[in-house]
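Hi,

Here is the structure I promised to pass on. Have a look at it first, and my notes follow below.

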Amino acid sequence: FDAVLWPTAAQRDAIQERFGASDVHIVVPNAVPAASAVAPLAGRDPNQVVMLNRLAFQKRVDHAVRAFAGVIRVLPEARLDIYGDGPLRGEVQALIDELGVGSHVVLRGSTDDPGRVLDHAAVFLSTSRHEGQGLSLAEALVRGCPVVAYDAPFGPAEALAGGGGLLVPNGDIEAMTQALVRVLTDLDLRHRLSVEAVEAARRIEPEHVMSALAGAVRDVLARPSRRV
């Protein structure tokens with residue numbers, strides 16, 4: 001190939017570690033348009049945490065349910081609304097029932113208005129095993145919704161490098177509980193993370209991404225083709 005695009009530097013680095021360094025590997029994130037307006041904290045539900053993802057193995061939603069069981073022991077008013085559907089819906093609902101958290105954790109099914117969901121929530125939660133970039137996480141940042149996410153390969157750490165959320169050691173359910181409680185109970189922290197989120201999302205606005213992509217194309221076209 002003359003060029004291979006990766007949405008994160010972490011993915012590029014992992015590939016180069018495996019196959020060797022090469023200038024064909026170029027980092028250009030996927031673009032997410034900026035929101036026309038960012039909902040203020042006063043307009044958000046201070047007790048609501050949301051997820052937007054498939055109910056599938058990769059997303060590790062069972063960790064979210066288990067972590068939230070710990071959250072509601074500290075914050076009885078807290079709620080987790082899980083938007084999305086998938087093959088593990090039955091298993092996730094069974095876990096909710098088993099832990100007795102059905103009045104706090106609800107599977108909402110699919111939504112055609114994720115922006116509205118993110119504008120209303122206090123926190124966006126991600127428990128994925130891995131993410132290429134993480135579209136819903138990026139959408140949360142754009143909407144100024146603070147993020148709590150596992151530090152899983154490859155997207156979350158890069159997305160939150162400029163602030164906007166808290167990273168939790170990958171797979172640590174207790175640490176996830178503590179991080180959620182911290183953000184839900186600290187209004188000043190939520191405000192800071194919300195401001196940081198919007199600023200961090202500027203790097204994935206379409207005009208910036210298109211500029212990076214155009215630069216990558218120019219560089220590739222200026223080199224001799226690798227193809228024969």
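Q133 lies in the loop that links β6 to α5 (helices are DSSP runs of H or I with at least four residues, strands runs of E with at least two, numbered from the N terminus). This is a predicted model, in which local features need pLDDT of at least 70 and side-chain atom pairs count only at pLDDT 80 or more, while totals for chains, interfaces and linings use all residues. Residues are numbered from 1 along each chain as its sequence is written, and side-chain values use heavy atoms, leaving out hydrogens and water.

With a relative accessible area of 14%, Q133 is buried (under 20%, with exposed over 50% and partly exposed in between; 1.4 Å probe, protein chains only). Its contacts, not counting residues up to four places away in sequence, are P7, T8, P29, N30, G155 and I204 (heavy atoms within 4.5 Å). The Q133 side chain also reaches the backbone nitrogen of N30 at 2.7 Å.

β6 pairs in the parallel sense with β3 (residues 48–52) over 2 bridges (pairing takes at least two DSSP bridges), and V123 is the bridge partner of V49. β6 also pairs with β7 (residues 147–150), again parallel, over 3 bridges; here L125 stands opposite V148.

Happy to hear what you make of it!

Best wishes

Conventions:
A polar contact is a pair of N or O atoms within 3.5 Å; within protein, one must be able to donate a hydrogen and the other to accept it, and residues adjacent in sequence count only if both atoms are side-chain atoms.
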